[in-house]
Amino acid sequence: MAAFFESQKHPTAYATGDFFVVFDVPFGHGIQYSRDLKSAFAEQYAASLEDLSHQGEATDWAFSPADFPDSPEGLVAALGSFASHYAKRIGVFAAVLQPVSGADKPAFVSWLRRAANANFAERLRLVVIDATDAPLLASVSDEKGERIAVRELQLDSFDVAQETFAQEPVAGPAGVFRNQLTALIALVEKGSVDQVKSKARDALAFVQQQKWTDQEIVVRLLVGGALVKAARFDEAVAIYGASRQLAEQVQAAGHPAGHKLILQTWFGEAGALLAAGDDRAAADCYRQAAASARADQNLILTIEALRMAAFCHGRNGDREAALACSQQALACGAQLRPEVRGMTTLPVAAMDYLRALDSTSADAITRHKAELDQVLASHESQAEAHALAAGAHIDSQTAQRIEDDWAADDRRASDEAEHRLAHLLAETDPAFQRAFAHARGLLGADWPLIGSVAIPAPPPVESPS
């Protein structure tokens with residue numbers, strides 16, 4: 001979809017003649033989203049004035065975000081003004097709403113519902129992308145049931161790849177292998193494991209003939225993944241082990257991706273063993289994966305490998321080993337820039353460390369966080385209700401008051417939660433207190449109660465990590 005939207009900016013065979021603008025503004029709440037979308041559009045228009053002038057287009061559309069309310073209806077009116085002004089030149093004006101965050105909030109669905117019922121200019125459309133496997137926007141509707149069109153994208157990755165390759169052919173052995181690998185990936189996605197193995201035999205024979213050992217490893221890793229997917233864990237472990245022997249030869253020969261290939265074999269084998277329920281062997285593989293990640297100077301995957309090793313040791317009842325791996329994960333996290341730490345699984349590793357020290361206290365912190373989340377969610381619901389009551393023509397003073405009151409309520413709730421957290425920690429033993437202070441020092445003063453690095457849900461452990 002991103003490729004389609006981008007292609008509309010260029011005179012190609014794929015251009016529809018319509019005008020698409022993509023907005024990746026984060027969704028925090030309705031007032032903020034409406035205001036920020038208007039501001040983003042104003043900035044895009046201002047930045048395009050010189051190009052419009054060179055193209056002989058009029059640049060006399062006057063737009064001030066403050067002239068339109070901070071509401072879904074206000075945003076639709078602002079976009080509609082542009083669509084009407086340039087109606088003879090741009091065809092349909094499609095505003096693509098792809099918030100980089102917040103699209104999973106119920107308030108976003110409510111915002112879209114209000115937008116769908118606003119007064120649209122004739123040539124204005126809103127475009128929103130939803131996931132077919134976990135749709136979030138199914139409840140969005142309009143009053144008359146006539147304004148929303150749903151189109152399911154029929155996409156086959158193999159067909160897309162084949163079409164792409166036809167447009168950009170590669171001659172010789174590389175082109176042959178590219179087609180083989182694409183077909184193999186498609187089978188891993190939707191074929192049987194026996195189909196994957198049959199196709200892989202052809203690909204392996206070809207790369208062995210070409211002496212492309214690194215690509216042989218890639219093929220074997222794909223087969224290993226298909227075997228895990230089919231719950232044929234013993235075969236998968238054997239495949240990953242054989243792949244590692246080849247990867248070690250490639251690394252010894254000075255291949256720049258040698259460490260990465262070895263690392264993938266360890267992660268693959270660990271995931272297969274974990275899925276098979278062999279926690280002790282999985283922990284050993286994750287420890288080896290951590291060593292490979294260190295050799296590749298990849299701190300992020302080192303943290304993840306150590307976190308998973310700690311998890312496996314904990315599930316196997318080896319508390320001391322779990323604590324040791326968790327401590328090593330936090331030590332690796334300390335080597336990352338502070339702003340990067342929350343983007344890794346370090347917050348999960350930190351909470352797992354506390355849980356290994358004292359599960360009762362760690363669970364109490366988790367419950368405390370959940371209670372704060374409920375309070376903050378209620379504040380958000382109240383603010384959205386006040387914004388809805390203010391209506392489509394909400395004035396800037398009312399919008400600001402709603403936001404200020406909401407922020408003040410959140411600050412009070414957060415201060416009270418921090419006070420209760422301090423009391424909870426005071427009742428724990430010194431080792432737990434030191435570990436908590438260390439983790440908070442790494443992840444910031446808001447951890448683990450507030451923000452993106454609070455207490456995230458760990459990745460699923462049933463599949464390879």
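## Helix 8 and its surroundings

Lys211 comes directly after helix 8 and has a positive phi, near 60 degrees. The model described here is predicted. Helix 8 covers residues 193–210, a run of 18 residues. From its first C-alpha to its last it reaches 25 Å, close to the 26 Å expected at 1.5 Å a residue.

The buried residues of helix 8 are Val193, Val196, Ala200, Ala203, Leu204, Phe206 and Val207. These buried positions pack against helix 7 (173–190) and helix 9 (213–229).

## Helix 14 and its cover

Helix 14 is formed by residues 319–333, 15 residues in total. The distance from its first C-alpha to its last is 21 Å, close to the 21 Å expected at 1.5 Å a residue.

Its buried residues are Ala321, Ala322, Leu323, Cys325, Ser326, Ala329, Leu330, Cys332 and Gly333. The elements that cover the buried residues of helix 14 include helix 12 (279–295) and helix 13 (299–315). Helix 15 (338–341), helix 16 (346–357) and helix 19 (430–443) are also among them.

Three strands form an open sheet in the order 1-2-3, with parallel pairing. Strand 1 (19–23) and strand 3 (124–128) each have a single partner strand and stand at the edges, so one side of each has no neighbour in the sheet. On average, neighbouring strands of this sheet are turned by 20 degrees against each other, direction ignored.

Strand 1 and strand 2 (residues 93–97) run parallel and are joined by five bridges. Within this pairing, Val22 is placed opposite Val96 of strand 2. Helix 2 (residues 30–54) lies across strand 1 and strand 2, and runs at about 130 degrees to strand 1.

## Aromatic pairs and a charge over a ring

The structure contains 25 aromatic pairs. In the pair of Tyr33 and Trp111, the ring centres are 4.9 Å apart and the planes stand at 75 degrees; planes over 60 degrees apart count as edge-to-face, so this pair is edge-to-face. The pair links distant parts of the chain, with Tyr33 in helix 2 and Trp111 in helix 5 (residues 106–116), 78 residues apart. Tyr33 has 0% relative accessibility and therefore counts as buried. Trp111 is likewise buried, with a relative accessible area of 3%.

Ring pairs also link a cluster made of Phe19, Phe23, Phe41, Tyr45, Trp61, Phe63, Phe68, Phe82, Tyr86 and Phe93. Elsewhere, a charged side chain meets a ring: Arg244 lies over the face of Trp266, at 3.4 Å from the ring centre.

## Two histidines

His29 is located in the loop between strand 1 and helix 2. Its relative accessible area is 13%, which is under the 20% limit, so His29 is buried. Apart from neighbours within four places in sequence, His29 is in contact with Glu384, Glu403 and Trp406.

His419 belongs to helix 18 (residues 396–426). With 52% relative accessibility, which is over 50%, His419 counts as exposed. His419 and Asp446 are 27 residues apart in sequence, and their C-alpha atoms are 12 Å apart in space.

Technical notes:
Residues are numbered from 1 along each chain as its sequence is written. This is a predicted model: local features need pLDDT of at least 70, side-chain atom pairs count only at pLDDT 80 or more; totals for chains, interfaces and linings use all residues. Side-chain values use heavy atoms; hydrogens and water are left out. Two strands pair if DSSP finds at least two bridges between them. Helices (H or I, at least four residues) and strands (E, at least two) are DSSP runs, numbered from the N terminus. Axes are lines fitted to C-alpha atoms, for helices over the stretch in contact, and angles run from 0 to 180 degrees between N-to-C directions. Contact means heavy atoms within 4.5 Å. The expected span of a helix is 1.5 Å times one less than its number of residues. Buried means under 20% relative accessible area, exposed over 50%, partly exposed in between (1.4 Å probe, protein chains only). Rings of Phe, Tyr and Trp (its six-membered ring) pair if their centres lie within 6.5 Å; planes under 30 degrees apart count as stacked, over 60 as edge-to-face and the rest as tilted. A charge sits over a ring if NZ of Lys or CZ of Arg is within 6 Å of the ring centre and within 35 degrees of the ring normal.
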